[in-house]
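This report concerns the ligand sites, salt bridges and selected local features of one structure. Please consult the sequence and coordinates shown below alongside the text.

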Amino acid sequence: MELKINGLTKEFKDFRAVDHVSCSMERGVYGLLGVNGAGKTTLMRMICTLLRPTEGTITWDGQDIFKMDAAYRKILGYLPQDFGFYPDFTVQDYMMYISSIKGLRPAVAKKRTEVLLDRVGLKRVKKRKMRALSGGMQRRVGVAQAMLNDPKILILDEPTAGLDPNERIRFRNLISELSEDRLVLLSTHIVSDVEFIAGDILLMKDGKFFMNGTADEIISEMDQAVWSCTVPRKEADRYLSRYLVSNVKTVPGGVELRILAERCPVEGAVMEEAALEDAFLLYFGEKAGEHHDGEI
Ligand SMILES: Nc1ncnc2c1ncn2[C@@H]1O[C@H](COP(=O)(O)OP(=O)(O)OP(=O)(O)O)[C@@H](O)[C@H]1O
Ligand SMILES: [Mg+2]
């Protein structure tokens, strides 16, 4: 079970969205983390054979996925970022409809639908129309439809977008459960989504992987330490303009800052254990989830 990407590149006219990306993935959860426009969706669409690479190869157990064609799509499940559904379909009808597109026999489709809706916690709402579901429920239907063919490779593009914190936690648990005996690749710009469930994290920026590894490995590569200190409110701006600040909290007597700096930024600052959020800020120059929907 090995998905191998080698020198993968995608150019749109004169713009290179994915730039010589290489990696090897096996069983387990991989988190593709990057800000808007990093190239995550373009990369995933190539892995799903929906987009032809300009250069480079993708192989599954040594075979070119584009040559495998239908045999590859049989073992592939995909939740697109812009997951579209038919609002007037009931959940069950929608699942049956996707099953027929995927070529499942009706009896098999019915059984798989039952099992999967139970697994994603939607059995009780299977007769409800898609439009009447919450955003989190709709996303879970999205995952369930991607699982209909019991895929070996499950590609989820921003599966947690728009979920509230509770739904997000449930979702993480679901992904962990589903990752047994398959390869799951999920993209997100929300650090906490991958921090706890992805064994391996691929940091993507400007079409390139510039770092990958476990959360601990990525954190240990940081060349800045993390400090916490409380400063008077009127001085806070000075620190915000001078340092990367990963958190700001108003406290009695001033403002508590979490600062990334090589050396102690102010007398009395305490060195803290670095987290993946801090690494994200350091490498991307912006806070995780910022400028998007405020979800952290
Ligand atoms: N069909 C296309 N034609 C031209 N440019 C494209 C096309 N698809 C994507 N791009 C560009 O490629 C870059 C990467 O886009 P992509 O959608 O892969 O990023 P992303 O990491 O998925 O971003 P997001 O977090 O916003 O979903 C962007 O600058 C985008 O404008
Ligand atoms: Mg995208």
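## Ligand 1

An oxygen atom of ligand 1 is 2.9 Å from a polar backbone atom of G39, a polar contact being a pair of N or O atoms within 3.5 Å (within protein, one must be able to donate a hydrogen and the other to accept it, and residues adjacent in sequence count only if both atoms are side-chain atoms). Side chains contribute as well: a polar side-chain atom of N36 lies 2.9 Å from an oxygen atom of the ligand, and one of T42 lies 2.6 Å from an oxygen atom of ligand 1. Of the 640 Å² of accessible area that ligand 1 has on its own, the protein covers 61%; such areas come from the Shrake-Rupley method with a 1.4 Å probe, and for residues only the protein chains shown count as cover.

β2 (15-25) and α1 are the elements that give two or more residues to the shell around ligand 1. Helices (H or I, at least four residues) and strands (E, at least two) are DSSP runs, numbered from the N terminus. The largest share of the shell, three residues, comes from α1. In total, 13 residues surround ligand 1, the closest being G37, K40, T41, T42 and Q81; a residue is near a molecule or strand if one of its heavy atoms lies within 4 Å of it.

## Basis of the model

This is a predicted model, in which local features need pLDDT of at least 70 and side-chain atom pairs count only at pLDDT 80 or more, while totals for chains, interfaces and linings use all residues. Residues are numbered from 1 along each chain as its sequence is written, chains are lettered from A and ligands numbered from 1 in the order in which they are written, and side-chain values use heavy atoms, with hydrogens and water left out.

## Magnesium site

T41 (OG1) and Q81 (OE1) coordinate the magnesium ion (ligand 2) at 1.9 to 2.1 Å. Because T41 lies in helix α1 (residues 40-47) and Q81 in the loop between β6 (76-79) and α4, the pair ties together parts that are 40 residues apart in sequence. Donors are N, O and S atoms within 2.8 Å of the metal (3.2 Å for Na, K and Ca); water is not among the atoms, so sites may look incomplete.

T41 is partly exposed at 26% relative accessibility, and Q81 is partly exposed at 36%. Here, buried means under 20% relative accessible area, exposed over 50%, and partly exposed in between (1.4 Å probe, protein chains only).

## Salt bridges

The structure holds 13 salt bridges, each defined as a side-chain nitrogen of Lys or Arg within 4 Å of a carboxyl oxygen of Asp or Glu. One of them joins D19 and K208 (3.0 Å, N to O). This pair links distant parts of the chain, with D19 in strand β2 and K208 in strand β10 (residues 208-213), 189 residues apart. D19 is buried at 12% relative accessibility, whereas K208 is partly exposed at 41%.

The side chains of D88 and R131 also meet in a salt bridge (2.5 Å, N to O). D88 lies in the loop between β6 and α4 and R131 in the loop between α5 (106-119) and α6 (135-146), so the pair ties together parts that are 43 residues apart in sequence. D88 is partly exposed at 45% relative accessibility, and R131 is exposed at 52%. Salt bridges that share partners join E11, R16, D19 and K208 into one network.

## Helix α11

Eight of the nine residues of helix α11 (residues 276-284) are buried, so the helix is largely enclosed by the rest of the structure. Just after α11, G285 takes a positive phi of about 70°.
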